[in-house]
Structures are given as structure tokens and as C-alpha cells.
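Subject: Structure for your review

Dear colleague,

Please find the structure below, together with its sequence. My notes on what was found in it follow directly after.

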4 protein chains.
Amino acid sequence: MAPVTVPVATSYFMVDQQGVVFNMWYLGWFDDAMTQFFTEAGYPYTAMNADGFDVQLVHTEADWREAVRFGEQVMIDVTTERIGSTSFTLSFGVRVGEQERSTGRTVYVVVATDGSGKRPIPPKLRAALESALNEADR
Amino acid sequence: MAPVTVPVATSYFMVDQQGVVFNMWYLGWFDDAMTQFFTEAGYPYTAMNADGFDVQLVHTEADWREAVRFGEQVMIDVTTERIGSTSFTLSFGVRVGEQERSTGRTVYVVVATDGSGKRPIPPKLRAALESALNEADR
Amino acid sequence: MAPVTVPVATSYFMVDQQGVVFNMWYLGWFDDAMTQFFTEAGYPYTAMNADGFDVQLVHTEADWREAVRFGEQVMIDVTTERIGSTSFTLSFGVRVGEQERSTGRTVYVVVATDGSGKRPIPPKLRAALESALNEADR
Amino acid sequence: MAPVTVPVATSYFMVDQQGVVFNMWYLGWFDDAMTQFFTEAGYPYTAMNADGFDVQLVHTEADWREAVRFGEQVMIDVTTERIGSTSFTLSFGVRVGEQERSTGRTVYVVVATDGSGKRPIPPKLRAALESALNEADR
């Protein structure tokens, strides 16, 4: 299965005086999408935490082509772009219907929840990430 | 000294498509104002935490008379309205210049940072709250 | 039908360092719940806007009994509490499962979208509000 | 003068359950910093709007090296990285004291406030941007 598609909420408080969803909320959406992605891929974020692992964002980038307006139903396609030893990259396609409005890419590092730093990607997380790996990259 | 007056930030992301600061941000402002109030009253929030105390909101209410727009400098007057045994009430006046745009009131309960529940208001916090007690209530 | 029950999103960015959803997001939820309520009651917010009407918050109050944590599914029960000539009051019950975590009440004034001020509640909005009127108040 | 340095607010609501400012707020900070930058560079955002111009974000990227915690005073160094015909790029250095915690870069397109699309960068905006151009790029 690649990609995993998840819905996100367009709240009124996200819409600025230009009448469009303000840019920072896309990073909130990417985070919401990652959470749902892990749940659908079989390794929920809360289970990951219980196993002693957490993720930290170290890099993000996003491109906006077309704005999102209040009342539009946004779907996000999440694809695994890269699986490294302690980090991985997810890419996000933000759609309304079939129209892609913006795209993003974020790099996460796996850390221990006890604050002791980086950890190799644990097997359950690796399996979840592999399930949404871009076919072309396999 | 009563009240304590503190500035808060009006960010572009707070302004909605009606062109006014969306209501939820006022609760963020009340919280920012409380933090600055404790600092000015001599018992910073971080010191309170280090001493093992934290505060939890249990009630809030707010009235909006006039909206705040992007670029306006907002000042908040913080007054202690009530000091109980484990809880206290702060009132907030949201001003632009001399014009009061809205008012709020929040009730906080003092809790232990170790999760063991309610605590009597510690002496240092009581002293800070008394410094901004409404003159009429003394 | 009374009340109308709607789900709201618990995003990671709403959770503060106490590990609970920060208070201001409840006002965002009340707004999201109002939007969904109007849709379910047959007069969507966008249709109301197209008819030349908007709503402004003039008063809100909320009580917190129990916190909401990351990953919990929140449902909000929306009930019409009062229908006046130019304003109305909605009440909100914030639940996780059958457990009520907090409650809120907000007063909205109906205004014209052209900025010309207050308007009597239009018939379609009145009908929507009446559909969720508290049985005891009929 | 290059760069322009501006303070931004670290609010409690920005801090997540990892105890650090959640990533999306950095985009809010970049926006706040841009607003203050235009004011200091002599062409405030409200004046730009009054002249019929607005800016839209089309690309952003950010790297996080070290987190920001509650109570830390954040300063942002804003530098003009590129001035094109209808777009420009600002870079942001997020500092606490002398320590750089993260960096960002955003690309903005100049548009007309009447919704008629892209515009060449107007002379007043160009002058403001040139005042913070990276010395090495002149």
C-alpha cells in the first residue's frame, strides 16, 4: 500500500484574513497525517511511545501551489520517501478532491523517550514505514 | 500595585477571515499575561515549577465588546480578584490604547507538579497575588 | 433532535507540556462544533454567509473537570440554550466516551456580512437552532 | 544594515508534551519576523496593503538543530537572500542568546490585494528588501 491517504480538519481558526489556511497549519496537518499514517500502518504513535521511542522533526520543506479555503475537505497522501538508520523522510501531498494544492517533505529522527538521544529505527517502525514506501524506490 | 499591565503579541496567524483576532487566542493571551504577571509580581512561573507547584485552569469566561485587528498593540491589565485556599481568580482587561476591547476572568487551582493533586496556595504565590489585589477588595 | 453530537480533532499541537489539551483549543473546538452543528441542522455556515449573514462571539464561558489527552477521541454535544431576537446561546458538552470532561456556553450575535451591524435571526437560522433546542426549554 | 534582528514571543501554548516549541510555530515566528522586518526597513505591511500589495508564501524550508523551551527569549535574524522580479527570499536565523537553534528560508510572491494576481516588486518594497541584503550578495 502506497501512499496512505488520511483526512485532516480545516478549522475556521486556521483561515487568515486573506481567506486561506495560513501556512503554519500545514505543518500541523503533516503531523496529524503522520500520526494517522502510523496508526493505519500498524504501529500507532502511542504504542511507539510505550516502547520507549519518539520522533523529532529536523527538517521540513513545503511548496504551495493553490490555497485551501474554509469548508474544503482536505486529504493528505503520505508516502515514505527514505528509510535511513536513525532517520526517515515522509512526503505529503495535500489534496482537495483530485487537485493537489501543496506538497511537503519532512525528515524525522528517532529518539528515546528517556531523553538519551538518537536510536536506530526499531523493527516495528521500519515495517510500518516500508508499507508505504514509494513503489519506484523499492 | 494593582493592576499589573503587560503587552501581548498580535500575530498575523491570529487574525481570521472576518479580519479580527479569533476568540481562542484571547485565552492564549490570558495565559501569556498570567506568566508575565507572575514574573513582575516576583514569583516567575519557572520558579513556581521548580518549587513543585503548577496551576490548572478550571473556569474561564470572557466578553467581547470590540474586536482587535492586525497591527494593533494590545495591553492587558491583570488584577487579582480572589485568593482562596487552593484556588485564585485573575481578571483581565484587554486594551488598545485607553479603549477596553474585551474582558476575561479565569479561575486557577494550584496543583503539585508530581501529579499528586491540589495544594494550598504557597506563601510566595500568595504574596505575588496580593500585590495585584483589587484595592476595593483589600 | 437535541442535542447534535459532532466529533472534533485532537491534534498533537494542542497538547501542552502538562500533557493535556491547552485551554484555548476548546474555543476552537466550540467553533468547529458550531460549524458542524449548522451543517447537520440544515443551514451550513457557508450558506448563511451566502445569504448575507455571519455570527460574532460576544460571550463565552467554560468549565474544566477532567483534562483531554493526546489520542483521545472527543465528541461534543451541542444544544441550543436560548434563541433571542438578534442573538442566541449554544451550550457544549465535551465528552470522551460517556465521560464529560468539560462544558462551555457561548453567545453569538447575528451580523450582516457587509459590515452594517446586527441583524434579526433569519428564519432559516432560527429553524436550525430550534431543531436542537433543549427539550426542557420548549 | 544586514540582518535585521527582531524578538518573537514564546507562549506557553506553543510548547508541546516533549517540552519544546512545536515545529509549526516557527512558521508563525517567520511571519511575525517578516512583519517586524518590513516595519524596521521602512515599509510596514499595513502600508504595503494600503498601496494595493500583499505577499503570498510559495515555499518554505526549515532545519532544527536545538529545541526552544518555555521561558527562553527568542531573537530572529532576518536577511534578504534574493530579490527577483515578482518574488523574493528571506532567510531566518532563530537564536537564543548567541546560540542558533534553527534556520529557515521562505519565498514570497508579490500579489495585488484586489485578487488580480502577481505584481512586480514595487520600488518601496525593493528598497526595504535591499536594506537587509546579505553583504556577500551585493
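To compare two copies of a chain, they are superposed by least squares on the C-alpha atoms of residues with pLDDT of at least 70 in both. Please bear in mind throughout that this is a predicted model.

**Relations between the chains**

Two copies of a chain are related by a rotation about an axis and a shift along it. Chain A is superposed on chain D by a rotation of 180° with 0.0 Å of shift along the axis, and the RMSD is 0.0 Å. Within chain A, A:E61 has the C-alpha nearest that axis, at 2.0 Å. The copies meet through the same surface, because 100% of the interface residues of chain A are also interface residues in chain D.

Chain C can likewise be laid on chain A: the turn is 180°, the shift along the axis is 0.0 Å and the RMSD is 0.0 Å. These two copies are therefore related as by a two-fold rotation axis. In chain C, the C-alpha nearest the axis belongs to C:A9 and lies 3.5 Å from it. The same surface serves both copies here, since 100% of the contact residues of chain C recur in chain A.

**Packing of two helices**

Two packed helices are described by the angle between their axes and the distance between the axes. Helix α1 (residues 24-40) of chain B packs with α1(C) at an angle of about 175°, and the axes are 7 Å apart. Angles over 145 degrees count as roughly antiparallel, so α1(B) is roughly antiparallel to α1(C). On the side of α1(B), the residues that meet the other helix are B:M24, B:W25, B:L27 and B:G28; their counterparts in α1(C) are C:M24, C:W25, C:L27 and C:G28. The residues of this contact comprise six nonpolar, two polar and no charged.

**Aromatic pairs**

How many aromatic pairs does a search of the whole structure find? Over all chains, the search finds 58. One of them is formed by A:Y45 and C:Y12, with 5.9 Å centre to centre and 80° between the planes, and this pair is edge-to-face. The pair crosses between chains: A:Y45 is in helix α2 (residues 45-50) of chain A, while C:Y12 is in the loop between β1 (4-8) and α1 (24-40) of chain C. Both A:Y45 and C:Y12 are buried.

The ring centres of C:W25 and D:W25 are 6.4 Å apart and the planes are at 45°, so this pair is tilted. It also crosses between chains, from helix α1 of chain C to helix α1 (residues 24-40) of chain D. C:W25 and D:W25 are both buried.

Yours sincerely

Methods:
Residues are numbered from 1 along each chain as its sequence is written. Chains are lettered from A and ligands numbered from 1 in the order in which they are written. This is a predicted model: local features need pLDDT of at least 70, side-chain atom pairs count only at pLDDT 80 or more; totals for chains, interfaces and linings use all residues. Side-chain values use heavy atoms; hydrogens and water are left out. Contact means heavy atoms within 4.5 Å. Rings of Phe, Tyr and Trp (its six-membered ring) pair if their centres lie within 6.5 Å; planes under 30 degrees apart count as stacked, over 60 as edge-to-face and the rest as tilted. Helices (H or I, at least four residues) and strands (E, at least two) are DSSP runs, numbered from the N terminus. Buried means under 20% relative accessible area, exposed over 50%, partly exposed in between (1.4 Å probe, protein chains only). Axes are lines fitted to C-alpha atoms, for helices over the stretch in contact, and angles run from 0 to 180 degrees between N-to-C directions. Angles under 35 degrees count as roughly parallel, over 145 as roughly antiparallel, 65 to 115 as roughly perpendicular and the rest as oblique. Ala, Val, Leu, Ile, Met, Phe, Trp, Tyr, Cys and Pro count as nonpolar, Asp, Glu, Lys and Arg as charged, and the others, Gly among them, as polar.
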